[in-house]
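Here is a friendly walk through one model, from its sheet to its salt bridges. Have the viewer open as you read.

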Amino acid sequence: MSRRIPRLFAATLAVAALALGACAEKTSDTPAAGGSSGAAAAAFPVTVGDLTLEKRPEKIVSLSASATEMLYAIGAGPQVTAVDDNSNYPPDAPKTDLSGFSPNAEAIAGRSPDLVVLSDDRNKIVEQLGTLKIPVYITPAATTLDDSYRQLTELGALTGHPAEAADVTKRMKDDIAKLVAGLPQRTEKLTYYHELGPELYTATSKTFIGSLYAMAGLENIADPADADGKNGGYPQLSQEVIVKADPDFVFLADTKCCQQSAETVKGRAGWAGITAVKNNQVVGLDDDIASRWGPRVVDLLRAIIDAVAKAPA
């Protein structure tokens with residue numbers, strides 16, 4: 001996965017606002033079966049924002065890994081005919097060499113799509129596809145869970161799967177509520193550092209990923225580093241700052257792209273003495289799950305909360 005802070009929530013985060021020079025647990029949301037084409041046809045035409053579809057799309061091109069996961073989760077997978085080179089979940093998604101970071105209108109049009117789903121408008125691709133009369137729906141990087149729920153709902157409407165989308169969002173909300181309700185009560189908050197790459201870029205509490213840690217009752221050591229917001233919530237810390245902050249947890253979102261682990265962290269200069277290392281609370285995450293805002297955010301929150309629950313009271 002390209003570590004452009006991981007396509008994570010800012011243009012696609014701003015996903016990839018800071019181009020990091022570096023070098024995604026099993027989902028509880030099984031993709032739903034395809035819905036009835038007859039029932040779907042009755043729901044059209046449908047309008048979401050400025051986009052109106054006269055009939056159910058049957059040749060969807062997704063150039064966003066998060067959107068691809070959403071489409072399959074709501075049962076629209078059979079309608080997806082091509083996905084970008086970073087859409088690796090579910091494994092049977094029709095992966096191609098199309099790029100979401102450098103979209104090419106001619107290459108996209110060559111797939112004869114009746115709907116294109118993007119995470120943002122790079123290379124003025126929306127205008128180019130509009131000229132070709134190709135409908136486009138944009139799923140910007142989420143900043144809150146409500147953004148994820150809204151995108152699922154809108155994709156459900158656009159693809160003829162509103163009921164399935166409603167089921168997915170309800171399941172997500174119920175699962176998250178149960179996870180948070182099961183958190184152990186503590187007199188003081190535990191602290192954490194979330195690593196996007198070994199260059200020590202991280203995410204503050206103002207980001208989507210940071211909001212999940214806040215739900216788990218954790219305090220972010222990176223917040224002071226971007227108090228003015230000039231780094232968009234994704235500052236780069238120094239080893240000295242991290243060691244001095246002495247976080248109770250280190251969460252690694254660079255286990256795949258950069259092969260980081262508890263051992264590599266322990267081997268860094270000065271890190272062997274921090275609480276997270278001493279207490280074996282360096283937690284490896286799935287890079288992909290940790291950089292997307294689809295249904296698998298439940299798996300990410302579960303991984304975080306499971307780690308917190310094991311920490312000494």
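## Ground rules

A polar contact here is a pair of N or O atoms within 3.5 Å; within protein, one must be able to donate a hydrogen and the other to accept it, and residues adjacent in sequence count only if both atoms are side-chain atoms. The model is predicted, so local features need pLDDT of at least 70 and side-chain atom pairs count only at pLDDT 80 or more, while totals for chains, interfaces and linings use all residues. Residues are numbered from 1 along each chain as its sequence is written, and side-chain values use heavy atoms, with hydrogens and water left out.

## Around Gln79

Let's begin in the loop between α3 (65–73) and β4 (80–83), where Gln79 lies. Helices (H or I, at least four residues) and strands (E, at least two) are DSSP runs, numbered from the N terminus. The side chains of Gln79 and His161 are joined by a polar contact of 2.6 Å. Gln79 has a relative accessible area of 1%, so it counts as buried (under 20%; exposed is over 50%, partly exposed in between, with a 1.4 Å probe and protein chains only).

Contact means heavy atoms within 4.5 Å. Leaving aside neighbours within four places in sequence, the contacts of Gln79 include Arg56, Glu58, Thr159 and His161. Two of these residues, Arg56 and Glu58, form a salt bridge with their closest N and O atoms 2.8 Å apart. Arg56 counts as buried at 14% relative accessibility, whereas Glu58 is partly exposed at 37%.

## Helix α6

Thr159 also belongs to helix α6 (residues 145–159). This helix has 15 residues and reaches 21 Å from its first C-alpha to its last, close to the 21 Å expected; the expected span is 1.5 Å times one less than the number of residues. Buried residues in α6 include Leu145, Tyr149, Leu152, Leu155 and Thr159. Gly160 follows the helix with a positive phi, near 85 degrees.

## The parallel sheet

Four strands make an open sheet in the order β8-β7-β9-β10, with parallel pairing; two strands pair if DSSP finds at least two bridges between them. Its edge strands, β8 (218–220) and β10 (282–284), each pair on one side only. Neighbouring strands are turned by 35 degrees against each other on average, direction ignored. Strand β9 (residues 249–252) and β10 share three bridges, and Phe251 has Val283 as its bridge partner in β10.

Two helices lie across these strands. Helix α12 (residues 297–310) lies across β7, β8, β9 and β10, at about 155 degrees to β9. Axes are lines fitted to C-alpha atoms, for helices over the stretch in contact, and angles run from 0 to 180 degrees between N-to-C directions.

## Salt bridges

How many salt bridges does a search of the whole structure find? There are eleven, each a side-chain nitrogen of Lys or Arg within 4 Å of a carboxyl oxygen of Asp or Glu. One of them joins Arg292 and Glu69 at 2.7 Å, N to O. The two residues are 223 residues apart, with Arg292 in the loop between β10 and α12 and Glu69 in helix α3. Both Arg292 and Glu69 are buried.

Lys256 and Asp286 meet in another salt bridge, at 3.4 Å from N to O. This pair is 30 residues apart: Lys256 is in the loop between β9 and α10 (262–266), and Asp286 is in the loop between β10 and α12. Lys256 is partly exposed at 45%, as is Asp286 at 22%. A network of salt bridges links Glu69, Lys256, Asp286, Asp288, Arg292 and Arg296.
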